[in-house]
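Please read the numbered points alongside the sequence and the model.

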Amino acid sequence: MMAESKTESSVEEEQKETYLYKEKIKCSPEEEERLERLHFWKIINVFRYYSAHVHERVSRAERQFFVLPLQHQMLLTDFIPNLNRIRKCIDHNQEVLQAIVQNCIHMFENMEYGEEDDIRKMQPASTFDMDKLKSTIKQFVRDWSHMGKAERDACYQPIIDEIVEIFPKDICDPRQVRILVPGAGLGRLAWEIAKLGYACQGNEWSFFMLFSSNFVLNRCSEVNSRTLYPWIHQFSNNKQSADQTRPVHFPDVNPQSLPPNSDFSMVAGDFLEVYTEPCSWDCIATCFFIDTTHNVIDYIDTIWKILKPGGVWINLGPLLYHFENMANELSIELSYEAIKSVILKFGFKIEIEKQSVPTTYTENDRSMLKYLYDCVFFVVRKPLDQFAPSGLPNTNGAVMQDFLKGSISERT
Ligand SMILES: C[S@@+](CC[C@H](N)C(=O)[O-])C[C@H]1O[C@@H](n2cnc3c(N)ncnc32)[C@H](O)[C@@H]1O
């Protein structure tokens with residue numbers, strides 16, 4: 001059998017392949033703002049298009065049911081009533097999504113997105129974006145529901161325990177300990193750290209997450225006062241029809257119950273672009289984050305630079321590289337072994353390493369299909385003898401004014 005050889009044209013194709021990485025198209029600040037505004041309104045549109053999209057999915061199920069022979073239909077007396085129940089849940093989810101995007105035009109202190117006008121008619125959203133919205137809905141379960149407690153205990157608690165161990169309150173003033181949580185999602189880990197008295201900043205890049213964290217942190221003060229139906233999009237692997245339509249209540253705690261004078265903020269923007277101030281953080285806590293980049297070495301490099309000498313990086317998560325298999329996106333998929341060797345070459349000292357921490361991520365506990373992540377957990381320290389450039393301020397500036405009054409500062 002002849003070995004397959006690359007044709008001339010496939011070699012040419014490979015050579016032509018370009019990757020979107022670092023060399024972002026340079027444009028004027030005005031153009032950047034225009035693109036940012038477009039993106040903002042695009043994501044608002046996704047939130048608004050939700051019910052149309054999911055109702056269509058239910059209509060498809062309905063059409064397929066009516067293709068069945070009548071005798072088969074008659075055996076399934078609960079099929080259509082279940083779809084009707086799902087439709088009610090869709091409408092309810094849509095109401096919550098509307099509430100989330102309401103007023104987010106003024107969510108950031110230093111960025112305006114223009115007022116609503118008639119030109120912004122709802123457009124169909126892509127399946128890709130709808131999937132992101134459905135994942136965001138599930139993120140409410142992980143971060144802000146009683147149902148997510150076991151998952152938070154597995155993912156967030158080891159990080160929190162280490163912080164308390166490394167920065168004990170009887171030895172240091174927690175308000176002086178500056179902790180950064182990049183890729184903060186809906187903000188629960190950062191909030192828990194702030195609740196313990198530490199100065200904590202969450203950083204998040206996605207508008208899906210930012211709109212939603214703004215909502216839960218600033219506008220949901222009554223425990224379990226809100227309801228979502230996160231599992232209605234799952235048509236396979238249900239043991240009971242009712243599992244699909246079961247509600248999840250949130251928030252399981254009052255997000256506004258932080259101690260007075262807490263130093264807690266959320267900052268919007270790309271971690272690599274926002275955090276450039278050297279030696280400014282005592283601790284960086286990453287959870288399910290380091291695999292979200294094109295090149296994990298960029299994250300390691302930034303973390304190394306912005307940590308104070310003697311500062312620690314605590315990480316927990318898998319390596320499910322987000323850009324793997326995405327067209328025209330650079331994606332360097334390193335094994336944990338390779339990452340560890342890079343971390344050591346930067347000069348970090350490993351203090352704790354656990355290579356097998358089982359966790360889940362936005363798990364549907366009644367599903368017949370479950371994913372288990374076998375995560376790595378580590379604590380590494382930037383040695384004290386790393387020279388800190390003198391005269392550098394320890395604060396990063398542009399911190400939110402008062403989170404509980406509804407502001408998220410934007411620093412892209
Ligand atoms: C897998 S989620 C984890 C969220 C949260 N840490 C948790 O454990 O639930 C990764 C998060 O990182 C965010 N993210 C990805 N790239 C980012 C970047 N360059 N800067 C800031 N956030 C980013 C994503 O939007 C997403 O919310």
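1. A crossing of two helices is called left-handed if the near helix is turned anticlockwise from the far one by less than a right angle, and right-handed if clockwise. By that rule, helices α5 and α9 cross in the right-handed sense. Helices (H or I, at least four residues) and strands (E, at least two) are DSSP runs, numbered from the N terminus.

2. This is a predicted model, in which local features need pLDDT of at least 70 and side-chain atom pairs count only at pLDDT 80 or more, while totals for chains, interfaces and linings use all residues. Residues are numbered from 1 along each chain as its sequence is written, and side-chain values use heavy atoms, with hydrogens and water left out.

3. Helix α5 spans residues 127-144 and helix α9 residues 207-219; their axes come within 10 Å and cross at roughly 35°. Axes are lines fitted to C-alpha atoms, for helices over the stretch in contact, and angles run from 0 to 180 degrees between N-to-C directions. On the α5 side, D129, K132, L133, T136, Q139, F140 and W144 take part, meeting F208, M209, S212, V216 and L217 of α9 (contact means heavy atoms within 4.5 Å). The residues of this contact comprise 7 nonpolar, 3 polar and 2 charged. Here Ala, Val, Leu, Ile, Met, Phe, Trp, Tyr, Cys and Pro count as nonpolar, Asp, Glu, Lys and Arg as charged, and the others, Gly among them, as polar.

4. Which residues are the closest to the ligand? They are Q139, R142, G183, E204 and D270, within a shell of 19 residues (a residue belongs there if one of its heavy atoms lies within 4 Å of the ligand). By class, the shell holds 9 nonpolar, 7 polar and 3 charged residues. Both α5 and β2 (199-204) supply at least two shell residues each.

5. A polar side-chain atom of Y299 lies 3.3 Å from a nitrogen atom of the ligand.

6. Two backbone features deserve a check. F250 and P251 are joined by a cis peptide bond with omega about -10°, and P251 sits in the loop between β4 (248-250) and β5 (264-268). F288, although not a glycine, has a positive phi of about 50°; F288 is located in the loop between β6 (281-287) and α12 (296-306).

Key: A polar contact is a pair of N or O atoms within 3.5 Å; within protein, one must be able to donate a hydrogen and the other to accept it, and residues adjacent in sequence count only if both atoms are side-chain atoms.
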